[in-house]
Amino acid sequence: MSSLTAVKETTFSDLGLHSDLVRVLNNQGITVPFPIQEATIPDAIAGCDILGRGQTGSGKTLAFGLALLHNIYGKKAKPHQPLALVLAPTRELAQQIDEVLTPLARAIGHDSVVIAGGMPYAKQITAMRKATAILVATPGRLIDLLNKGEVQLDDLEITVLDEADQMADMGFLPVVKEILDQAKPNGQRLL
């Protein structure tokens with residue numbers, strides 16, 4: 001006689017994510033975390049710095065994005081002072097990340113903006129003046145807006161370096177270091 005025991009799949013609620021985020025994920029048909037999400041989200045929402053590696057399509061964007069959003073839930077950005085920053089090597093990747101984060105961010109009362117070259121300054125500057133909480137940026141344009149005084153990183157709670165190895169390969173390491181030097185010293189780092 002054998003007994004079969006059903007194995008319960010881990011859910012995003014099991015990982016400790018805020019219920020508003022879980023609701024949006026469920027509405028999108030996303031109910032079971034990928035392995036990288038299951039491995040990183042609990043430590044990331046606990047405030048730990050995280051280094052995660054995974055192939056394209058492995059769920060990295062939601063892994064860092066969900067933790068970021070959970071950790072800024074209920075907080076308010078000030079004009080020019082975002083709470084979270086996601087650095088990406090290209091405008092295209094920044095836009096893809098923003099498309100994933102935007103509906104989740106709105107569910108918890110936050111906005112995000114892409115800060116990248118090849119896009120009009122006006123929209124980016126207006127977003128910063130309106131106290132946008134989340135920046136998804138390329139290093140070059142961000143450093144430009146930092147130098148113009150349109151962005152200040154003193155209140156930055158979380159910094160994500162997406163495709164950090166590619167940014168280093170593309171020669172962005174000095175600019176990334178300069179950005180991190182301007183960020184809140186005890187802020188969380190997710191790579």
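I'm working on a predicted model.

**Entry 1: Ala-131**

I began with Ala-131, which sits in the loop between helix 5 (121-129) and strand 3. Its phi is near 70°, a positive value in a residue other than glycine. I flagged that because most residues other than glycine have a negative phi. Is Ala-131 buried or exposed? It counts as buried, because its relative accessibility is 19% and the cut-off for buried is under 20%.

**Entry 2: Glu-163**

Next I looked up Glu-163, in the loop between strand 4 (158-161) and helix 7 (164-169). Here too I found a positive phi in a residue other than glycine, near 60°. With a relative accessible area of 26%, Glu-163 is partly exposed.

**Entry 3: helix 4 on its own**

Then I turned to helix 4, residues 91-107. I checked its length: at 1.5 Å a residue, 17 residues should span 24 Å, and the end C-alpha atoms are 24 Å apart, so the two agree. Where is the kink in helix 4? I find it at Leu-101, about 35°, shortly before the proline Pro-103. After the helix comes Gly-109, with a positive phi near 80°.

I also listed the buried residues of helix 4: Leu-93, Ala-94, Ile-97, Asp-98, Leu-101, Thr-102, Leu-104 and Ala-105. So the kink residue, Leu-101, is on the buried list, given the cut-off of under 20% relative accessible area. What covers these buried residues includes helix 1 (19-27) and helix 3 (60-72), along with strand 1 (84-87), strand 2 (112-115) and strand 3 (134-137).

**Entry 4: helix 1 on helix 4**

I followed up the helix 1 side. Helix 1 and helix 4 pack with axes 9 Å apart at an angle of about 135°, which makes helix 1 oblique to helix 4. The crossing is right-handed. From helix 1, Asp-20, Leu-21, Arg-23, Val-24 and Leu-25 meet Pro-103, Leu-104 and Ala-107 of helix 4.

**Entry 5: helix 2 on helix 3**

Last pair for today. Helix 2 (residues 35-45) and helix 3 have axes that come within 9 Å and cross at roughly 20°, which means helix 2 is roughly parallel to helix 3. I make the contact Ile-36, Gln-37, Thr-40, Ile-41, Ala-44 and Ile-45 from helix 2, against Lys-60, Leu-62, Ala-63, Leu-66, Ala-67, His-70 and Asn-71 from helix 3. This crossing is right-handed.

How values were computed:
Residues numbered from 1 in each chain as written. Predicted model: local features only at pLDDT ≥ 70, side-chain atom pairs only at ≥ 80, totals over all residues. Heavy atoms only, no water. Helix = DSSP H or I, 4+ residues; strand = E, 2+ residues; numbered from the N terminus. Expected span 1.5 Å × (residues − 1). Bend = angle between axes of the 7 residues up to and from the residue. Buried < 20%, exposed > 50% of the residue type's maximum accessible area, 1.4 Å probe, protein only. Contact = heavy atoms within 4.5 Å. Axes fitted to C-alpha atoms, helices over the stretch in contact; angles between N-to-C directions. Parallel < 35°, antiparallel > 145°, perpendicular 65-115°, else oblique. Left-handed = near helix turned anticlockwise from the far one by under 90°.
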